[in-house]
Amino acid sequence: MNQLDIFGQLYKPFKFTKKVRLIELFAGVGSQAMALRDLGIPFEHHRVVEFDKYAIKSYNAIHGTNFPTSDIRDIHASDLDMANHNYQYIMTYSFPCQDLSKAGKQKGMSKGSGTRSGLLWEVERIIGECYRDKCLPDVLLMENVPEVIEIKNIKDFLQWQAVLEACGYQNYVKIINAKDQGIPQKRKRCFMVSILGDYSYSFPENVPLKLRLKDMLELEVDEKYYLSEKMVNFFAKHNEEHKKRGNGFIWQPRKLDGVASTIRANSSLAATDNTVIQIGNCMPSATRDNPNQGRVYDQNGISPTLGCMQGGNRQPMIIQKSHGFNQGSKKAMCPSVTASSFENNNFLESDQRIRKLTPLECWRLMGFSDDDFFRAAKVNSNSQLYKQAGNSIVKQVLMAIFKQMM
């Protein structure tokens with residue numbers, strides 16, 4: 001939904017003129033705060049609302065804060081303390097997407113539905129209280145999956161926009177892909193910037209993508225991230241069975257210095273294309289709600305969209321040369337997969353191994369710094385770190401959005 005910018009012709013662009021107080025609803029690990037911090041915009045961590053006790057542990061470890069867990073259903077305008085006019089207030093709300101995403105059950109976000117995505121209407125309640133108390137935030141920033149503005153949910157989305165317009169906000173909506181802001185991940189998300197008063201806003205232009213998935217990888221990776229010989233041979237044995245099912249996924253390992261083939265009907269892609277390059281699927285029978293499960297990707301392309309990735313081999317996997325990784329370790333040797341196990345020379349070369357992305361690599365694919373990752377890693381398990389990456393917003397996208405207000 002890229003709307004005609006009528007207000008941009010009538011009103012001057014909104015700019016930060018005072019120190020910012022940031023209010024993060026559904027805060028996660030604080031991508032929004034990271035973005036303001038790395039842009040050098042003066043701001044305070046004013047209020048943080050996050051129900052997940054593990055996410056708030058990471059938030060506090062990263063930002064040096066001490067916020068408790070909290071439920072948005074218990075939050076009121078009076079808790080947000082926005083009476084001080086010496087500040088400009090930004091409220092962000094990345095409400096749950098589970099009931100909107102195609103990877104979920106698509107129960108929607110209708111008011112009164114009781115779905116997790118329906119928590120949007122708790123934001124409406126808070127904004128209504130702010131309007132009553134004459135303390136509305138200067139800027140609202142929404143982030144969610146693109147399905148939030150698709151046919152099934154557009155009526156509810158327009159209802160939400162109408163609420164904001166009645167409170168005096170101008171709304172600007174755009175779907176932004178992370179790969180168009182410099183991060184090698186195919187991650188489309190819908191953003192809505194709502195500006196209070198007679199101001200306009202313009203979304204950032206796309207920037208060229210210079211990085212690839214391989215640029216985000218660690219130099220040394222623990223053995224536990226590599227698939228076992230038993231598992232790889234299992235995939236080889238059932239390759240023909242998978243193809244007979246007609247599910248469209250073909251196992252195509254290749255020489256790492258060659259040009260990747262991609263599983264697409266319309267074209268073959270050179271390794272320089274800014275595209276996710278899938279070279280195989282270890283588990284074609286994986287369920288629809290786990291779309292990444294078992295898929296293997298080429299490092300010369302970009303990453304697929306990261307999900308929560310908790311267990312079940314949901315982490316994206318890559319083929320990687322074993323040379324240089326844990327050298328001298330017997331375990332680091334390539335599994336003994338025979339060429340006869342595959343058809344048409346589709347087999348692993350002697351120096352190739354398949355592994356899952358590590359939590360650090362997933363955080364890098366969200367644009368997060370290694371320092372921020374290691375702070376979170378001190379207080380959380382790998383399982384939670386994977387989940388937190390998948391539930392976050394790519395920092396560089398947020399930086400580009402906020403930079404338009406500087």
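Okay, let's start with Thr115: its relative accessibility is 12%, so it counts as buried, meaning under 20% relative accessible area, with exposed over 50% and partly exposed in between (1.4 Å probe, protein chains only).

Quick note before I go on. This is a predicted model, where local features need pLDDT of at least 70 and side-chain atom pairs count only at pLDDT 80 or more, while totals for chains, interfaces and linings use all residues. Residues are numbered from 1 along each chain as its sequence is written, and side-chain values use heavy atoms, leaving out hydrogens and water.

So where does Thr115 sit? You'll find Thr115 in the loop between β4 (87–93) and α5 (120–132). Helices (H or I, at least four residues) and strands (E, at least two) are DSSP runs, numbered from the N terminus.

On to β4. Seven of its seven residues are buried. In a regular strand, side chains alternate between the two faces of the sheet. In β4, Tyr87, Tyr89, Met91 and Tyr93 are on one side, Gln88, Ile90 and Thr92 on the other.

And which strands join β4? β2 (residues 19–25) runs parallel to it, joined by seven bridges; pairing takes at least two bridges found by DSSP. There, Leu25 stands opposite Tyr93. β5 (residues 139–144) also pairs with β4 in the parallel sense, over four bridges, with Val139 opposite Ile90.
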